[in-house]
Amino acid sequence: MTLAFPLADPEAPALEAGRRLFADETAFLKGVVAMEGLPLADRLEVCFAGRSNVGKSTLINALTGRKALARASNTPGRTQEINFFTAGDSHYLVDLPGYGFAKAPPAVVQRWQTLLKAYLSGRATLRRAFVLIDARHGIKTVDEEILKLLDGAAVAFQAVLTKADKVKAADRDGILARVRTALARHPAAFPEIVLTSSESGQGIDTLRAIIATLA
Ligand SMILES: Nc1nc2c(ncn2[C@@H]2O[C@H](COP(=O)(O)OP(=O)(O)OP(=O)(O)O)[C@@H](O)[C@H]2O)c(=O)[nH]1
Ligand SMILES: [Mg+2]
């Protein structure tokens, strides 16, 4: 029997395509606070969603090999807009505001969540949503809400575990097993997961390959 939700393991040509895409110039395009501000949907787009502080901005920096392209911080709620980055002239990388961050004023949280939901369900060129999950904590109740939204909008999403450097080797398989069980309940879940560390670089080439080979 094959394992459900194996770790993604791209072949050499895909890895090479990923390397080439991210060797191209990457740049910050714009921060968007309302759907009207979205750039023209004229190229392939992937986004990075996940709980506040899970490592979305840091992952974009690791992918692009640039330390401060996306603003990362220890302070949850750092990313407050939908930030668009370009990779070459073929792809948009989209850094989303985190969810599950209770400390911001409720009106602000409400505004972000509404925008997040509108974006996730209404962007025609969004090819895949990477949903980042802290490898130490697995899928939480706040994640489930977003996963259900993606199921409903039929947006293919892929689970990307972050901060793998913080996971003890002995805990790894148990964590992966729990994530697999949770993903099995979601029809929009892409059947492979990615284990990453922006700190060690683990899984970054894999994620580049996945992005570069999306049709
Ligand atoms: N050890 C370790 N720390 C990480 C990793 N990725 C991110 N971090 C740390 O986690 C914290 C949050 O990272 P961000 O990239 O700002 O998180 P975010 O998901 O963009 O957060 P919001 O913008 O608030 O939604 C920072 O202190 C990062 O240095 C990783 O792979 N390993
Ligand atoms: Mg951020």
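This note goes through the ligand site and then several individual residues of the predicted model.

1. On conventions, residues are numbered from 1 along each chain as its sequence is written, chains are lettered from A and ligands numbered from 1 in the order in which they are written, and side-chain values use heavy atoms, with hydrogens and water left out. Since the model is predicted, local features need pLDDT of at least 70 and side-chain atom pairs count only at pLDDT 80 or more, whereas totals for chains, interfaces and linings use all residues.

2. Ligand 1 has 22 residues around it, of which Lys 56, Thr 58, Gly 77, Asp 165 and Ser 198 come nearest (a residue is near a molecule if one of its heavy atoms lies within 4 Å of it). The shell divides into seven charged, twelve polar and three nonpolar residues, where Asp, Glu, Lys and Arg count as charged, Ala, Val, Leu, Ile, Met, Phe, Trp, Tyr, Cys and Pro as nonpolar, and the others, Gly among them, as polar.

3. The side chain of Thr 58 places an N or O atom 2.5 Å from an oxygen atom of ligand 1, and a polar side-chain atom of Asn 74 lies 3.1 Å from an oxygen atom of the ligand. From the backbone, a polar atom of Val 54 is 3.3 Å from an oxygen atom of ligand 1. On its own, ligand 1 has 660 Å² of accessible area, and the protein covers 88% of this (Shrake-Rupley method, 1.4 Å probe).

4. The space that ligand 1 takes up is the largest pocket. A pocket here is found on a 1 Å grid over the protein atoms alone, as an open set of points where a 1.4 Å probe fits, with protein on both sides within 12 Å along at least five of seven lines; a molecule sits in it if more than half of its atoms lie within 2 Å of its grid points.

5. Glu 45 belongs to strand E2, residues 44-50 (strands are DSSP runs of E with at least two residues, helices runs of H or I with at least four, numbered from the N terminus). Glu 45 counts as buried, at 0% relative accessibility, where buried means under 20% relative accessible area, exposed over 50%, and partly exposed in between, with a 1.4 Å probe and protein chains only. Its side chain makes a polar contact of 2.6 Å with the side chain of Tyr 119 (a pair of N or O atoms within 3.5 Å; within protein, one must be able to donate a hydrogen and the other to accept it, and residues adjacent in sequence count only if both atoms are side-chain atoms).

6. Two backbone angles deserve a look. Most residues other than glycine have a negative phi. Phe 5, not a glycine, has a positive phi of about 55°; Phe 5 lies in the segment before helix H1 (12-23) and is buried, with a relative accessible area of 11%. Ala 154 also has a positive phi of about 55°, but Ala 154 is exposed at 65%, in the loop between helix H4 (141-153) and strand E6 (157-162).

7. Which residue lies 8.8 Å from Phe 101, C-alpha to C-alpha, although 48 residues away in sequence? The residue is Asn 53; Phe 101 itself is buried at 18% relative accessibility, in the loop between strand E4 (91-95) and helix H3 (106-122).

Methods: On a 1 Å grid over the protein atoms alone, a cavity is a set of points where a 1.4 Å probe fits but cannot get out, and a pocket is an open set with protein on both sides within 12 Å along at least five of seven lines; lining residues have an atom within 4 Å of a point.
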